[in-house]
Amino acid sequence: MTYQAKRTKGTAGQPLFLTFHGTGGAEDQFHGFAEQLKPGAHVASPRGDVSEHGALRYFKRTGEGVYDMADLAERTKAMAQFIAVERMSVNAGHVIGLGYSNGANILAAVALKKPDLVDELILLHPLIPWTPAPQPGLQGRRILITAGQRDPICPASMTQDFADYLKEQGADVTLHWHPGGHEIAQSEIEAITNFLQG
């Protein structure tokens, strides 16, 4: 499984910044944003290769919030391989991942299986509707989760449960809420900027 991706070659010694679009987005969705956030970074943005009625995603689902777990497992493995190759190709000592919605979910799924691949995670409106197994490799990982308190797609209670799970694994978790729904609010952009400066 190979991913079509947009890439910007950065400066030697700079981090690799990976971006993952939401359902219906494409590789352009956050690519330029990553370039602005980390000038000089290597940026790679894979395109989801699952079509849901024409909307691109990273894995299949059978309904809203109901994942095809076998497909997710297979595509998590493929994405981990993609990240490992990207990391090696630019000799990155540090890797940042940013994903929104479905993109946050594939990024989180990779971190749960291969926590050593991405050093800092920015998860915008993730939905992890299962209880992950313990993952000691998340110890010390910096993770930002942003979410809407009235998000109809990602219930606040499930976001909180996932943040609590990550904290239990020893991750350094920042949780940012805005009062709205599934849209990305301006306060989230500020939270991302602050997180990357921290």
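A residue is called buried here when its relative accessible area is under 20%, exposed when over 50%, and partly exposed in between (1.4 Å probe, protein chains only). The model is predicted, so local features need pLDDT of at least 70 and side-chain atom pairs count only at pLDDT 80 or more, while totals for chains, interfaces and linings use all residues. Residues are numbered from 1 along each chain as its sequence is written, and side-chain values use heavy atoms, with hydrogens and water left out.

A search of the whole structure returns 6 aromatic pairs. Rings of Phe, Tyr and Trp (its six-membered ring) pair if their centres lie within 6.5 Å; planes under 30 degrees apart are stacked, over 60 edge-to-face, and the rest tilted. One of these pairs, Phe 20 with Tyr 58, is edge-to-face, at 5.9 Å centre to centre and 70° between the planes. Phe 20 belongs to strand E2 (residues 16-20) and Tyr 58 to the loop between strands E5 (55-57) and E6 (61-63), so the pair ties together parts 38 residues apart in sequence. Strands (E, at least two residues) and helices (H or I, at least four) are DSSP runs, numbered from the N terminus. Tyr 58 counts as buried because its relative accessibility is 0%, and Phe 20 is likewise buried at 0%.

Phe 30 and Tyr 100 have ring centres 6.1 Å apart and planes at 75°, so this pair is edge-to-face. Phe 30 lies in the loop between E2 and helix H1 (31-37) and Tyr 100 in strand E8 (residues 95-100), so parts 70 residues apart in sequence are tied together.
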